[in-house]
Amino acid sequence: MQKNLLIRVYDVGFGDSIYVAIPDKDRMFHMLIDCGNSNQDSLEKLQKVLEDVRSLLRDANEGEERLDLLVVTHPHQDHIRGFNPTWFQGLSIGQIWLSAFMKEDHPQAKQARTLQSLSTMLAKALLYESHNLELSAADRSTLDLCITNARALDALRHTSGNADDTIDPDAARLYVCRDENVALKKAGLSFKDGTMCLRSFSDTSTVLRVLAPEWDIDGSYLGETCGEHTTLFARLLATETANDSPETVATGLQPANISMSDFQRLRSRLLYSSLAFCEMDEQLRNNTSVVLLLEWQGRRLLFCGDAEWSGTAKRKKSKKGSWNIMLENDKQNGHFAKPLDFLKVGHHGSINGSPYEAESGINETIFDRLLPASRRGRCQIVVSTESGIHGKKNPVPNPLLLRDLGRRAANARHYDGDIAEDQPQRTDLERYNQKSPVGYIEVELAPAR
Amino acid sequence: MPTPKKSAPAGEVRRPKNTLSKKLARQRLLGDLISPKLRTTLASRRWPLEVLRELDLMIKVPVYFEDPLVAKEIPELGPNMIEIAWEPGLADGPTSSRLAVVDYDGDAKRLEQPAHWVEEKRCFVNNPTAKKPLTSEHRNPHQFHQMNVWATVQRVLDFYEDATVLGRPVPWAFRGNRLIIVPHAGEGQNACYDPTSKSLQFYYFGEANRVYTCLSHDIVAHEAGHAVLDGIRPYFLDSFGLETAALHEFVADITAILSSLRNNDVRSFFIQSLEGKKPANFLENLAEQFGEAVENRPYLRTANNKFTMDDMPGRECHECSQILTGMVFDILLGLLESYWHERKRSAKQAAWDATQRITRLALQPLDYFPPVDAKFSDYAQAMLHRDYLLNPDDPYKYRSIIRQVCNTRKIPVPQDDKPIEAPYNLSYPPVNDLLASHTAAYHYLHANRKALRIPNRQDVVIVDVSAAERVGRDYFHLPREVIMQYLWAEDVTLDGREFGPLQGMAVPLLCGGTVVFDENSNFLYWARKPGTEEEKDQAEGRQRKQELLAHVADRVAAGDAEVYKRLTSGRFTTQSSLTESTLAQRLGLSNSSRLGD
């Protein structure tokens, strides 16, 4: 029986797929977090990941392919593209955790759903109808992410219908959030120390906490300004009269040589307006990522999904990043008070995927608490990423972030041909060392006590 | 209608000479004698530009012939005066009958003051109190940019409507007659044609050395080319094939090249660059300034390339379009060689003759395209057949040049001059009836369903019926042509697991044809894209159907919703049983209102 906790962060290209095997007294608890990559990556990579996971499950469970928990952090292609029901046939799953944002009739996500629908249509229009538009890599990536992979979502959410259309119809689907939730309690989760958590392990010290998202999607992540814009934009698209539009009244914008409706339509179709909305939707989906903190045998592991940090700006009405909200909650809950033993870096190493700056009012960054210099070399840090997908203007992964993390990581590497300093292990750069057909970075953690 | 002068290139301004200054004086006298009412009447009749010039009904506008970077390196290609036809109702913007400039910056959320039109002086100025006409030297450049982009697009439209090209008014594809031009749409390395908002959008970028795409003649003419082709073939943008998309890009690129060649100075520079007297070939490198600033490459695409159809697999449409652009450029060079060195004309005359010839060769065949899914071979065949109609004897073997170039580029093309045969049993059409109304044209089609291989059970749409009055060599007036496009949709069921949530639904396979007659009802040309229902066309129809199914399966496998657009947002109302709400549910999209509808 394996005693160490095993993590495999798979090399899927620009995306995430992480397998975690948690020793739980006389059994293993098997968890898979996400399975996706970008439209520019090969689907074959994801198929091979699933074959490898199934092989691990068979080895661990005497031939039975059983996954205890499948976590889908948020509905972006690079996290859900691999949820093809055909590939999951024969795989038994205990529970499927989906971000609360993905609940179709969520009463506190109406504006978020409107934004999502608008951005999907705008992304389609920009990608398929605006001709000769040559988009930058970053813009194309944003637009690709806005076009929801409907088939994968259906397969994850629904249990009825054709067996070819759904992933394990017997698995319980839970829309998870941090705050106290009756439905989740009925399904076996508990609310302790400020978060919903799974504590039904044989080892009572093992806890899987949901640090994000908040249940109130609109209130927490959209912000007043964003909500106003969504409403205004929806009205612009419906070509309703602009007479009472605050923007037109405030600025007197109306050319004399075209009609009001033509101008409204034009504004809604300008690249900036459309891209700005698509970016808002991209950020919203990222910020509703399921963020998990696993506490096991004295070890602390953080899986960040694509949660974003919106900096220390103090604009009252601006939307908040998930990290900002988690840090606010942490003032009461204290889950970031102790250092980490493992960090799966958020948002593929993007600068806004980690709370990189010092918070307003204090002189330390959150990294100093989670990855303190005094414990240098104690935390395993992994980045699941692919450089070059996002273009050069805002590079992903970000070199500044990588340098900072490299100074704190136990598994720091120096990669020839990349940045000069040490950085944490990266799936895209480790692939050149791999000998197996399925690339991954493997981390084993022994119990702390 | 007065015969156009042989040696008067459209839109050009000649340097004044003694004889010309007399001519200008006569024009001005004539202009002064023409009352405003008569002037309006004359302008609204769409006389040839040469006639309007004689009547002093042109306005002079400074524009960049290339872009500011080229202008810096080659001053003679800097801002220069061109002539645009005056029309009644010219207004601030600029705004003309077919174009309206709206200088709205979506990034800064700012609406700039429009260039102001002064009717008495027949020029644009910076603002209502300004006295001097707009030039590129004005401190606030926005109004000059507005005028520059308007004049460039207007020139492209006039170029296409001229008797040497299509010889007819060019409609826009959208509902309406005025194309909106946005010269400073926002920050971005982009320009685009957006039919939904009826606009051409030009963006800007760069901090230290700002690049305005609205100042690049190549980029502006390119986008205008898209709008023109969309107007005459509105279903091309609904086609899924790579070659049709590449044809769109090709027409846009060749518009930039050929409209540039209309300028005396550009032609002169081109000849000198071929002779090695001037820097290397700038004409074939499109969008010089844009290309320099973006991706550190000297130009975005080049007409001087050796790509063939074998290079197409795995490429996207912009790359594939270079095959055709290169083909036409090769033909241009071949013609130039013939006129200059074989037929011993002066360089200047050879350049002009080659320009005229290649313009007719490359662009008049656009009217011979089928209404959907055009391929490179359709274009090559149309080009050859058009030339055969104009020059049956071909004494200088120019069709051999075309065939040779096509063969080198691996574009399938007939190897002899066998004329296109009329469909068997096709009746003579009453061409005036065809032009009278679409319903009248439909009656003709219906009576000839068998000949035109239109399935009896399919309802047919008349896409367009137009009359073209063109000129050929030496401005010889050609017989009027009547061009009719028709379309129907054959439902194709998506049967198979590869179609995922769309399984069981129907997708339209657009079929149709273009048939051309002269004014005496003689058959001239027929290009068609069949379905699977008519026996004689079944092989081709099945192949088209397989291509469509493969495309839909590919999109579904990729997990994107582009197929949604193909099924419901095309401009052709399909006979599919699919409703938008059903499909939206299947694909996980909500029923929010569609953009722009």
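Predicted model: local features only at pLDDT ≥ 70, side-chain atom pairs only at ≥ 80, totals over all residues.

A:Arg369 takes part in a salt bridge with A:Asp330, and the closest N and O atoms of the two are 3.5 Å apart. This pair connects distant parts of the chain: A:Arg369 belongs to helix α12 (residues 366-370) of chain A, A:Asp330 belongs to helix α11 (residues 322-333) of chain A, and 39 residues separate them. A:Asp330 has a relative accessibility of 8% and therefore counts as buried.

Side chains of opposite charge can pair when their charged atoms come close. Over all chains, the structure contains 49 salt bridges. Another of them joins A:Glu421 to A:Arg403, with 2.8 Å between the closest N and O atoms. Because A:Glu421 sits in the loop between α13 (399-406) and β14 (425-426) of chain A, while A:Arg403 is part of helix α13 of chain A, the pair ties together parts that are 18 residues apart in sequence. A:Glu421 is partly exposed, with a relative accessible area of 34%, and A:Arg403, at 25%, also counts as partly exposed.

B:Asp417 is partly exposed at 32% relative accessibility, whereas B:Arg403 is buried, with a relative accessible area of 10%. Salt bridges may also be joined into a network, as they are among B:Arg168, B:Asp367, B:Arg386, B:Arg470 and B:Glu481.

B:Asp253 is located in helix α7 (residues 242-260) of chain B. Its relative accessibility is 2%, so B:Asp253 counts as buried. The side chain of B:Asp253 makes a polar contact of 2.7 Å with the side chain of B:His222. Two packed helices are described by the angle between their axes and the distance between the axes. For helix α6 (residues 217-232) of chain B and α7(B), the angle is about 130 degrees and the axes are 7 Å apart. α6(B) is therefore oblique to α7(B). The crossing in which α6(B) passes α7(B) is right-handed.

Strands supply another part of the picture. Is strand β1 (residues 58-64) of chain B largely enclosed or largely open? Of its 7 residues, 6 are buried, so β1(B) is largely enclosed by the rest of the structure. β1(B) pairs with strand β2 (residues 79-85) of chain B in the antiparallel sense, over 7 bridges. Within this pairing, B:Met81 in β2(B) is the bridge partner of B:Pro62. In a regular strand the side chains alternate between the two faces of the sheet.

B:Phe476 lies in the loop between β13 (461-468) and β14 (481-493) of chain B. B:Phe476 counts as exposed because its relative accessibility is 59%, and exposed means over 50%. Although B:Phe476 and B:Thr164 are 312 residues apart in sequence, their C-alpha atoms are 9.9 Å apart in space.

Definitions and conventions. Residues numbered from 1 in each chain as written. Chains lettered and ligands numbered in written order. Heavy atoms only, no water. Buried < 20%, exposed > 50% of the residue type's maximum accessible area, 1.4 Å probe, protein only. Helix = DSSP H or I, 4+ residues; strand = E, 2+ residues; numbered from the N terminus. Pairing = 2+ DSSP bridges. Polar contact = N/O pair within 3.5 Å; in protein donor to acceptor, adjacent residues only side chain to side chain. Salt bridge = Lys/Arg side-chain N within 4 Å of Asp/Glu carboxyl O. Axes fitted to C-alpha atoms, helices over the stretch in contact; angles between N-to-C directions. Parallel < 35°, antiparallel > 145°, perpendicular 65-115°, else oblique. Left-handed = near helix turned anticlockwise from the far one by under 90°.
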